[in-house]
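Hi,

Here is the structure I promised to pass on. Have a look at it first, and then read my notes below.

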Amino acid sequence: MQLPPGPRAPAAWQTVGWTVRPAAFLRRVHERFGDPVTVRTYWMDEPLVLFSHPDAVREVFRLDPAVAPAGQSWEFLRPFAGPHSILVLDGDEHLRERRLIQTPFHGERMRAFRPAVAELARAELSTWSGRVVTLERMKHLTLETILRIVFGARGKEEAAQLRDAVHGTLDTVRSMPRMLAMSLVQRDLGPRSPWGRFRLAVERFDELLLDVVARRRAEPGEDSMLAVLLEQRDEHGNPPTDRRLRDQLVALLAAGHDTSAASLAWAFERLARHPHIHARLREGDPAYLDAVVKEVLRVRPALTIAPRRLLEPVGVAGWTLPAGVHVAACLWLALRREDLWPRAWAFRPERWLEGPPPNPMSWIPFGGGVRRCAGAPFAEMEMREVLSAAADLRIRPVRPESERARRSALVVTPHRGGEVLVG
Ligand code: HEM
């Protein structure tokens, strides 16, 4: 079986290209080889075939998870994410965890978190003056939001302990090469070895998190996603076990923290260079605010691909692809196709207020199908709240030229961290 064409350069070169300049790398391979294109990187043991046409994207998102599981692509996260994690499971087990994890993201329940998100955003922005590296500040804010709203941390001490434990684990998980190397050699070479230290950090984190779960079981509230998850019952009337809850809370942290921080940093990077758009946000029109959020997610998506691994030969867009290879909807390319998005490179929220809505298979910053981002409604709400709290800020870019995209762990961030001058 023949794979679609792609660069012949060694995997090392392609990995560096994609990491250091993801936008240029993906544009180049798309211009040179078209759609689909096959690339090779160190992140994946086998070639990766990228699709960006909406018809092909639909086919990828509809692939049967028994044949094209997504969980295997997150396997390196398992030592942190845990065996019940929605991220590493597929098929019925995945759907079961997905039903559980989605309960806090619906309707009234989701809306009830809005005032707390707005308050956290206002408190963060009130500290800004002078030069601000927005990515660092947004990492801080999105973590505080997760501790308070997802984990239901109460009081400064509980939050501070959890915050330290998150740093102790996530900092390792963020380093992909380290994580991949460690999961290959998962040998316990003592508590001082990198793997031993990581295991200890995860144990410490689990202890704290399970303690919070026990306290919230004893004193339930209605103010957090954990509280909503604790209310759920399975078909036998049993509540979720502590280990299941732990794994789902960690999935929400791992999937929702850096992605939201990167998207918000891009929002500031773009707004600082488009003062007329920022000025219009001050008018307080909710439709325009929503358009700005959608346009940031389109023009600078935090994740570049939604990968699946093929366990059997599969046909996509007329190609028969062999078992073993990875296929992906390429979010970055789909969101920037000139044939679908007029002046695709331009940051133009107006496009969302004019003309017909886009093809749903071309606006895919949250992926699609049964793996579509479970936290998408929360992520968009958080972005709206932060940007509406930032509407009255005076911000300017530190340098006039746009920041280029760079890959940092799994997400794509502005290469200078979205630095702005405030005041
Ligand atoms: C702007 C911020 C975010 C972006 C761009 C984003 C994007 C994505 C993408 C592309 C996927 C994979 C979809 C696929 O494979 O088809 C995903 C999965 C997921 N996201 Fe998000 N995400 C964001 C924020 C969040 C937040 C805030 C949460 C939760 C608090 C969250 C929870 C999840 C979960 C649990 C999954 C796994 C879903 C599954 O496997 O069924 N995400 N996200």
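**The iron site**

The ligand's iron atom has a single donor from the protein, Cys 373 (SG), 2.3 Å away. Donors here are N, O and S atoms within 2.8 Å of the metal (3.2 Å for Na, K and Ca), and water is not among the atoms, so sites may look incomplete. Cys 373 sits in the loop between helix H16 (331–334) and helix H17 (376–389). Helices (H or I, at least four residues) and strands (E, at least two) are DSSP runs, numbered from the N terminus.

**Before you go further**

This is a predicted model, where local features need pLDDT of at least 70 and side-chain atom pairs count only at pLDDT 80 or more, while totals for chains, interfaces and linings use all residues. Residues are numbered from 1 along each chain as its sequence is written, and side-chain values use heavy atoms, with hydrogens and water left out.

**A buried glutamate**

Glu 158 is part of helix H9 (residues 155–174). With a relative accessible area of 9%, Glu 158 is buried (buried is under 20% relative accessible area, exposed over 50%, partly exposed in between, with a 1.4 Å probe and protein chains only). What does its side chain pair with? The side chains of Glu 158 and Arg 216 are joined by a polar contact of 3.0 Å. Such a contact is a pair of N or O atoms within 3.5 Å; within protein, one must be able to donate a hydrogen and the other to accept it, and residues adjacent in sequence count only if both atoms are side-chain atoms. Beyond its neighbours within four places in sequence, Glu 158 is in contact (heavy atoms within 4.5 Å) with Gly 152, Ala 153, Val 212, Arg 215 and Arg 216.

**Cores**

The largest nonpolar core has 67 residues, of which Leu 50, Phe 268, Val 292 and Leu 387 touch the most other members. By nonpolar core I mean a set of buried Ala, Val, Leu, Ile, Met, Phe, Trp, Tyr and Cys residues joined through side-chain atoms within 4.5 Å. Not counting residues up to four places away in sequence, Phe 268 touches several residues, among them Leu 125, Trp 128, Met 138, Leu 387 and Val 420. There is also a second, separate core of 48 residues, which includes Leu 100, Ala 159, Ala 165 and Phe 198.

**Strands**

Four strands make an open sheet with mixed pairing, in the order S1-S2-S7-S4; two strands pair if DSSP finds at least two bridges between them. Strand S1 (37–39) and strand S4 (305–309) are at the edges, each with a single partner strand, so one side of each has no neighbour in the sheet. S4 and strand S7 (residues 326–330) run antiparallel, joined by five bridges, and Arg 309 stands opposite His 326 in S7.

Elsewhere, four bridges link strand S3 (residues 130–133) to strand S11 (residues 419–422), again antiparallel. Strand S8 (residues 395–397) is joined antiparallel to S11 by three bridges, with Val 420 as the bridge partner of Pro 397.

Most residues other than glycine have a negative phi, and most peptide bonds are trans. Here, a cis peptide bond joins Asp 35 and Pro 36, with omega about 5°. Ala 317 has a positive phi, near 50°, and lies in the loop between strand S5 (314–316) and strand S6 (319–321). Arg 343 also has a positive phi, near 45°, and counts as partly exposed at 44% relative accessibility.

Cheers
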